[in-house]
Amino acid sequence: KGTREQKRKERVGRKGGELFFFFNDTATTEIYTLSLHDALPIWHGRALVDSHHALPVVDTPRGELEATDFSPFAALADAPWGMTAHVVYSAIDPQAPATTSRRVIDEVIRGFIGFEGVLVSDDLSMQALQGGLAERAAAALAAGCDVALHCNGKAEEMTAVADAVPALTAAAEQRLAAATARLASPPTVDVPAMRARLDGLMAAG
């Protein structure tokens with residue numbers, strides 16, 4: 001099961017597409033576009049409910065999570081971007097989903113996984129989170145996210161989030177500069193090799 005899940009995570013992490021987000025800089029609001037294949041993969045693994053509609057809770061022991069679910073992320077820890085999940089890992093922090101958990105971000109994402117890139121929250125408008133949007137954004141940033149992400153396109157909500165978030169921290173600015181430099185010079189991709197690898201994973205799964 002663990003091997004199959006790792007393969008699924010690897011495929012999802014290399015899907016095409018773009019992610020749009022904004023944040024308040026000291027003087028302006030900037031808009032960035034990010035190709036998803038340049039980001040740490042997003043996957044909820046053992047979650048049994050959709051975090052768009054409810055809060056998933058995973059009760060798997062931490063050691064098992066580190067040996068299976070977290071290991072593909074550790075293998076891709078040098079990615080320039082990463083995203084948190086609105087999922088409670090009760091063995092690590094039973095009180096808060098990863099997006100708003102200082103313990104998950106410090107001990108797992110920055111610690112065990114070793115991710116040092118720009119960390120963005122999952123969509124703040126998803127129903128897994130509690131409180132108003134400004135409160136959600138503040139909680140995500142306080143937990144250690146560099147950027148609070150809002151995605152549903154509702155202008156009044158976007159304005160509320162933009163008004164609530166502070167300027168980037170110095171550490172976030174450094175991570176953003178490093179990530180942007182990497183995006184400006186994307187690596188060469190061997191498409192036939194990637195398709196062959198995907199076909200092999202699909203056949204084995």
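Colleague: Why is Phe70 called buried?

Modeller: In this predicted model, Phe70 has a relative accessible area of 7%. Buried means under 20%, so Phe70 counts as buried.

Colleague: And what makes the pair of Phe70 and Phe112 tilted?

Modeller: Their planes stand at 55° and their centres lie 6.5 Å apart. Planes under 30 degrees apart count as stacked and over 60 as edge-to-face, so an angle of 55° falls to the tilted class. Phe70 sits in the loop between helix 2 and helix 3 and Phe112 in helix 4, so this pair ties together parts that are 42 residues apart in sequence.

Colleague: Is Phe112 buried or partly exposed?

Modeller: Phe112 is partly exposed, at a relative accessible area of 35%.

Colleague: Nice! How do you know that Thr68 is buried?

Modeller: Thr68 has a relative accessible area of 18%, which is under 20%, so the label is buried. A polar atom of the Thr68 side chain lies 2.6 Å from the backbone oxygen of Glu64.

Colleague: What makes Val189 partly exposed?

Modeller: Its relative accessible area is 43%, between 20% and 50%, so Val189 is partly exposed. Val189, Val191 and Met194 make a nonpolar surface patch of about 220 Å².

Terms used:
Residues are numbered from 1 along each chain as its sequence is written. This is a predicted model: local features need pLDDT of at least 70, side-chain atom pairs count only at pLDDT 80 or more; totals for chains, interfaces and linings use all residues. Side-chain values use heavy atoms; hydrogens and water are left out. Patches are made of residues with over 30% relative accessible area and no salt bridge: like charges are joined within 9 Å, nonpolar side chains (Val, Leu, Ile, Met, Phe, Trp, Tyr) within 5 Å. Accessible areas come from the Shrake-Rupley method with a 1.4 Å probe; for residues, only the protein chains shown count as cover. A salt bridge is a side-chain nitrogen of Lys or Arg within 4 Å of a carboxyl oxygen of Asp or Glu. Buried means under 20% relative accessible area, exposed over 50%, partly exposed in between (1.4 Å probe, protein chains only). A polar contact is a pair of N or O atoms within 3.5 Å; within protein, one must be able to donate a hydrogen and the other to accept it, and residues adjacent in sequence count only if both atoms are side-chain atoms. Rings of Phe, Tyr and Trp (its six-membered ring) pair if their centres lie within 6.5 Å; planes under 30 degrees apart count as stacked, over 60 as edge-to-face and the rest as tilted. Helices (H or I, at least four residues) and strands (E, at least two) are DSSP runs, numbered from the N terminus.
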